[in-house]
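The following note sets out points for a colleague working with this model. Please read the numbered paragraphs alongside the coordinates.

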Amino acid sequence: AYQDVGGVDPVVDECGGHFGPTDSGEIEYHYHSREAVPYHLACQGPSLGNCHETQRGTEFCHSGCGAEVCVQPGTSEAALRAYLDQWDPTWLDKYTTNDYKPKVEPAKENHIIENTIRKLLDNIFE
């Protein structure tokens, strides 16, 4: 699939894969086909920036996302960590990632903070 969920362009690592939601909604590492060489995976990922070391005379690596681990923008960090926790709860913290976290509007973020403080104060003074 040349596109990610929702028809957006996938942000892939050097192997041609990334962490993100699939059609089922599950967060997992998966690959994306391309219209040009390399048509599919260039190496077994996640690449962690090491694809070129696996090629041995060929060069089928994708350009990557500029980080060791590529995550489709908009992917929930909590869902990604829950997926990775099956193997190693600290794995993601060992590598650089692209900017994938959903953006929160400042006004909305301030509203969330205000509501949280209000609830805490209500609990204290009950």
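1. The side chains of D93 and R81 form a salt bridge with an N to O distance of 2.7 Å; the term denotes a side-chain nitrogen of Lys or Arg within 4 Å of a carboxyl oxygen of Asp or Glu. D93 belongs to the loop between α1 and α2 (106-124) whereas R81 sits in helix α1, so the pair ties together parts that are twelve residues apart in sequence. D93 is exposed, at a relative accessible area of 53%, and R81 is partly exposed, at 24%. Here buried means under 20% relative accessible area, exposed over 50%, and partly exposed in between, for a 1.4 Å probe and protein chains only.

2. On provenance, this is a predicted model, in which local features need pLDDT of at least 70 and side-chain atom pairs count only at pLDDT 80 or more, while totals for chains, interfaces and linings use all residues. Residues are numbered from 1 along each chain as its sequence is written, and side-chain values use heavy atoms, with hydrogens and water left out. Helices (H or I, at least four residues) and strands (E, at least two) are DSSP runs, numbered from the N terminus.

3. R81 also takes part in a salt bridge with E77, at 3.0 Å from N to O. Both residues lie in helix α1, four residues apart, or about one turn of the helix. E77 is partly exposed, with a relative accessibility of 26%. Once neighbours within four places in sequence are set aside, E77 is in contact (heavy atoms within 4.5 Å) with Y100 and K101.

4. How many salt bridges does the structure hold? The total is four. Through shared partners, salt bridges join E77, R81, D93 and K101 into one network. A salt bridge is also formed by the side chains of D88 and K94, at 2.8 Å from N to O.

5. Helix α1 spans residues 77-84, and L80, Y83 and L84 are its buried residues. They lie on the same side of α1 because they cover an arc of only 95° around the axis, the arc being that of the directions from the helix axis to the C-beta atoms. The cover over these buried residues includes β1 (17-21) and β2 (27-31). At the N-terminal end, S76 caps α1, with a side-chain oxygen 3.3 Å from the backbone nitrogen of A78.

6. A search of the whole structure gives six aromatic pairs. The criterion is that rings of Phe, Tyr and Trp (its six-membered ring) have centres within 6.5 Å; planes under 30 degrees apart count as stacked, over 60 as edge-to-face and the rest as tilted. F19 and Y83 form an edge-to-face pair, 6.1 Å centre to centre with 65° between the planes. This pair links distant parts of the chain, since F19 is in strand β1 and Y83 in helix α1, 64 residues apart. F19 is buried, at a relative accessible area of 4%.

7. Y29 and Y31 form another edge-to-face pair, with 5.3 Å between centres and 90° between the planes. Which of the two is buried and which is partly exposed? Y29 counts as buried at 15% relative accessibility, whereas Y31 counts as partly exposed at 26%. Ring pairs link F19, Y29, Y31, Y83, W87, W91 and Y95 into a cluster.

8. Strands β1 and β2 pair in the antiparallel sense over five bridges; pairing requires that DSSP find at least two bridges between the strands. The two strands form a hairpin with five residues between them, and G25 in the turn has a positive phi of about 95°. H18 stands opposite H30 in β2.

9. H32 is located in the loop between β2 and α1 and counts as buried at 4% relative accessibility. Its side chain makes a polar contact of 2.8 Å with the side chain of D4, and a further polar contact, of 3.0 Å, joins the side chains of H32 and H18. A polar contact is a pair of N or O atoms within 3.5 Å; within protein, one must be able to donate a hydrogen and the other to accept it, and residues adjacent in sequence count only if both atoms are side-chain atoms.
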